[in-house]
Amino acid sequence: MKRSRYKIGLVVVTSLAPVFAYAQTALAQTILDTDALPQVIVSAQKRVQSGQDVAIPLTVLSGADLEKDGAASVRDLEYLTPSLQVVPQFGGGQPVFRLRGVGFDDYASNNSPTVTLYVDQTAYPFPIMTNGLLFDVDRAEVLRGPQGTLYGVNTTGGAVNILTNRPTRQLEAGASFQYGSLGEADLSGYVSGPITDSLRVRLSAATEQGGAWQTNRTTGQSLGDADVKAIRAQIDWDVTERLNLLLNIHDVADQSDNLGTYLIRPFATEGGAGPVIPADSSHSATSWGLSPGFAQLTGLSTNAKPSRDNNSLGFDATLTYDLDFAKLTSISSYETFNRREYDDWDASASPESDEFFDSTVRVFSQELRIGQSGQGPVDWVAGAYYSNEKLHEQFLSDFTNVFGFIADTAYGQTAISESGFGQAEYHLTEQLSLVAGLRYEHENRTLDHFTTSIVGAGPLTGPADRAASFGEFSGKAGINYKLDEHTLLYADISRGVKSGGFTAYNSESLAQLSAFKPEVLLAYEVGAKADLLGGRLRLNPSAYYYDYSNQQVQSVIIDPVFGAIGAIVNAPKSKIYGGEIEAVAKPLPSLSITQEIGYSKGQFDQFSDVNVAA
């Protein structure tokens, strides 16, 4: 939860070439020449299109929109996109992405999300990797519904594509500064231009500071300050007339406060034997505190705030080759992420449930794709994807005042995925087209040397190894109809799959480590995209029905010795249905009004859950 706040800002962009007068003229023409809403160009279907011509429920936010609305991180997209929620898990640095209610709650780091984030076409397969800053961005595209026939990673909920600005052919520089009501300050800048006729570079950097909005109910200390620094370097090289190479190196350091939880009801500490803390009357109230033993094990001070010290460093190379009849694209990436994070989940100074995560992520991926558009009756794309994900995680849980011990859980995980995918759109007439897509993915996932120990007393479970393999088809079939030049109608059926995995929580029983199955979502969608009143009113309604099989749910299993144990399980049958309307009006040349509405409702049709309270 975030407190309402405002920002004021200053944006300065200047061309260092002698074209300032031209820029002024172009700006005046943009404001005065048209009353119609602009057509936003997107690449959601791996080809260049207007967003209004893409038969997908899609929200597109330009870099200018993001800057104007103060969106400093991916988390802020939820305020600008219908049916999107981005919630930090238990107030920590790991976000949970939900689109139309399709999400996945998991406080460990090892399982894949239902909504995948891509930055410059590179997938970030672990949610903990997605807390970087949004800066020097060309646009953000949020696709709702299963994605897999056009993308390297298969998802049930959707995809978020972040496309950054590429190096320019003229020398440019720009800077932006925003200051918020809670002391938050955002600063970003870039410089871009040519080195030679065929070689261009772009350097950009950003930082986010301050913004604390929570208060320790006992000491009055503030909590929630951001401290994020990011830098990106890009090299754009025309190797030949047909071959282009784009290199991208990026680094993010995040030493921000985490968020604290607050008490919605009175809390009896020490398992009910200690003092009772009244329920909080304000959502900004919280508290925290470390026991001396936990502080010594984690290397934190006893008065440390909930916070994180995370660093990500990545490199990707995109090669594109023009074959005349099609374009061949190769995307190679290597991403690293190191996480050190302290969370207080009991909202008190008493050590009832404090967590410390020490995680290391290494991801290599390779995508090879070929596609053709605009040269015949069929637009098509086909590709292959490979990824190798490695994670090592240790987390300490301080249960001193409720169970009398500190738990230490450690494990490694490797996931190797191979897939082939493709999609084609056949234009039967100028108005009517048919869409078909197919994907097959095979994944091997292993959990290595999983151990839960009691600090000072030795192993409770393990070491144990587990392995699972998954092979699943997914696909899409649809029909699109251009009612007129400005109105598109569409209907489709798609099948999305989310990988299975392992529960990696503190474990008293090896039964908890059994793999859960992949979840499958069969989605039925209808929608329209219409520009009305001479392009001054845009209406994009859509409706959907999701039929779930084996939905992955955070729940418990019953062990004959230890009783209820936290675990991720599969709910056999469930469903979600709802709809959205995106509306944009431009009553005056310099005034735009945007309204977005989303509604979803879900229910379990078959699911035998456990009432732990009983």
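The report below takes up the cavities, then a pocket, and then the nonpolar cores.

This is a predicted model, in which local features need pLDDT of at least 70 and side-chain atom pairs count only at pLDDT 80 or more, while totals for chains, interfaces and linings use all residues. Residues are numbered from 1 along each chain as its sequence is written, and side-chain values use heavy atoms, with hydrogens and water left out.

**Cavities**

Eight cavities of 30 Å³ or more are found in the structure; on a 1 Å grid over the protein atoms alone, a cavity is a set of points where a 1.4 Å probe fits but cannot get out, and lining residues have an atom within 4 Å of a point. A volume is the space filled by probe spheres set on the points, which are joined across faces, edges and corners.

The largest cavity, with a volume of about 390 Å³, is lined by 30 residues, of which Val119, Tyr124, Gly132, Leu133 and Val252 are the closest to its centre. Among the strands that each supply at least two residues of this lining are E16 (226-238) and E17 (243-254), strands being DSSP runs of E, at least two residues long, numbered from the N terminus.

The second largest cavity has 23 lining residues, and Asn154, Ser417, Glu441, Glu443 and Ser499 lie nearest its centre. Strand E27 gives the largest share of that lining, four residues.

In the table, Ala, Val, Leu, Ile, Met, Phe, Trp, Tyr, Cys and Pro count as nonpolar, Asp, Glu, Lys and Arg as charged, and the others, Gly among them, as polar.

| Space | Volume | Lining by class |
|---|---|---|
| Largest cavity | about 390 Å³ | 16 nonpolar, nine polar and five charged residues |
| Second largest cavity | about 260 Å³ | seven nonpolar, 10 polar and six charged residues |
| Second largest pocket | about 1,100 Å³ | 14 nonpolar, 17 polar and 15 charged residues |

**Pocket**

A pocket is an open set of points with protein on both sides within 12 Å along at least five of seven lines. The second largest pocket holds about 1,100 Å³ of space, and of its 46 lining residues Ser43, Val48, Gln121, Lys327 and Arg369 are the closest to its centre.

**Nonpolar cores**

A nonpolar core is a set of buried Ala, Val, Leu, Ile, Met, Phe, Trp, Tyr and Cys residues joined through side-chain atoms within 4.5 Å, where buried means under 20% relative accessible area (1.4 Å probe, protein chains only). The largest such core has 45 residues, and Leu66, Leu77, Met129, Ile162, Val361 and Tyr411 touch the most other members.

How values were computed:
Buried < 20%, exposed > 50% of the residue type's maximum accessible area, 1.4 Å probe, protein only.
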